[in-house]
Structures are given as structure tokens and as C-alpha cells.
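Reader: I have a structure open and would like to talk it through with you. Could you walk me through its main features?

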Amino acid sequence: MDAIEHLLRQAGRRALVPEDAAARIRAQVHAQWMAGVQQRRRQRWMALAACVAVLAVGAVLALGGLTGRQ
């Protein structure tokens, strides 16, 4: 028997978590997970909006440069 196995045997079984506490923990974890998902979605949309804005400014500058040369 190695040292870790010996320590685990000495520690014994862990106590069972009451079902109501487990349900509260699951709900909190789910809420935090959903908040992370919402944040990633918001960041994705902001990045897309920034790309569209950069393309629009580039197009306006390019078209303005083309019409100014003629």
C-alpha cells in the first residue's frame, strides 16, 4: 500500500452533501456559466460590429480617394 492510498484510507469516506445544498450549488454554477456565455456572445457581437465599422470607414475613404482623383 503506498502513502497516498494509506492517507485516503485514514481519511475515510466523505460526508454526503444534502440535496438542497447540492441543488443551490448547481443553480449557482449554472448561473455563472450562463453569465460567461452571455459575455462571450456580447464580445463576439462587439468584435463583429468593430469589423463592420472598420470596413465601412475603409470603403468611404477608398471611395473618397477615388472620386477625388478624377
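This is a predicted model: local features need pLDDT of at least 70, side-chain atom pairs count only at pLDDT 80 or more; totals for chains, interfaces and linings use all residues.

Reader: Thanks! Which side chain meets that of Glu-19 in a salt bridge?

Author: Glu-19 is exposed, at 54% relative accessibility. Side chains of opposite charge can pair when their charged atoms come close. Here the N to O distance is 3.5 Å, and the partner of Glu-19 is Arg-26.

Reader: And how many salt bridges does the structure hold?

Author: Besides the pair of Glu-19 and Arg-26, Asp-20 and Arg-24 meet at 3.5 Å, N to O. Glu-5 and Arg-9 also form a salt bridge, at 3.0 Å. The count for the structure is three.

Reader: How many residues apart are Asp-20 and Arg-24?

Author: Both lie in helix 2, and their spacing is about one turn of the helix. Asp-20 counts as partly exposed because its relative accessibility is 48%, between the limits of 20% and 50%. Arg-24 counts as exposed, at 52%.

Reader: Moving to helix 1, is Arg-9 buried or exposed?

Author: Arg-9 lies in helix 1 together with Glu-5, about one turn of the helix away. Glu-5 counts as partly exposed, at 32% relative accessibility. For Arg-9 the relative accessible area is 59%, and the cut-off for this class is over 50%, so Arg-9 is exposed.

Reader: What is the count of buried residues in helix 1?

Author: Helix 1 covers residues 3–11 and is followed by Gly-12, whose phi is positive, near 80 degrees. A buried residue needs under 20% relative accessible area. Helix 1 is hardly covered, and among its nine residues the count is zero.

Reader: Which residues make the nonpolar surface patch?

Author: One member lies in helix 2, which spans residues 19–69: this is Ile-25. Ile-25 counts as partly exposed because its relative accessibility is 46%. The patch has an area of about 260 Å², and its members are Val-17, Ile-25 and Val-29.

Reader: Finally, what radius of gyration does the chain have?

Author: The chain has two helices and zero strands, and 6% of its 70 residues count as buried. Its C-alpha atoms fill a box of roughly 90 × 35 × 10 Å along the principal axes. A compact globule of 70 residues would have a radius near 11 Å, but the chain has 29 Å.

How values were computed. Residues are numbered from 1 along each chain as its sequence is written. Side-chain values use heavy atoms; hydrogens and water are left out. Patches are made of residues with over 30% relative accessible area and no salt bridge: like charges are joined within 9 Å, nonpolar side chains (Val, Leu, Ile, Met, Phe, Trp, Tyr) within 5 Å. Accessible areas come from the Shrake-Rupley method with a 1.4 Å probe; for residues, only the protein chains shown count as cover. A salt bridge is a side-chain nitrogen of Lys or Arg within 4 Å of a carboxyl oxygen of Asp or Glu. Helices (H or I, at least four residues) and strands (E, at least two) are DSSP runs, numbered from the N terminus. Buried means under 20% relative accessible area, exposed over 50%, partly exposed in between (1.4 Å probe, protein chains only). The radius of gyration is taken over C-alpha atoms; the globule rule is 2.2 Å times the number of residues to the power 0.38.
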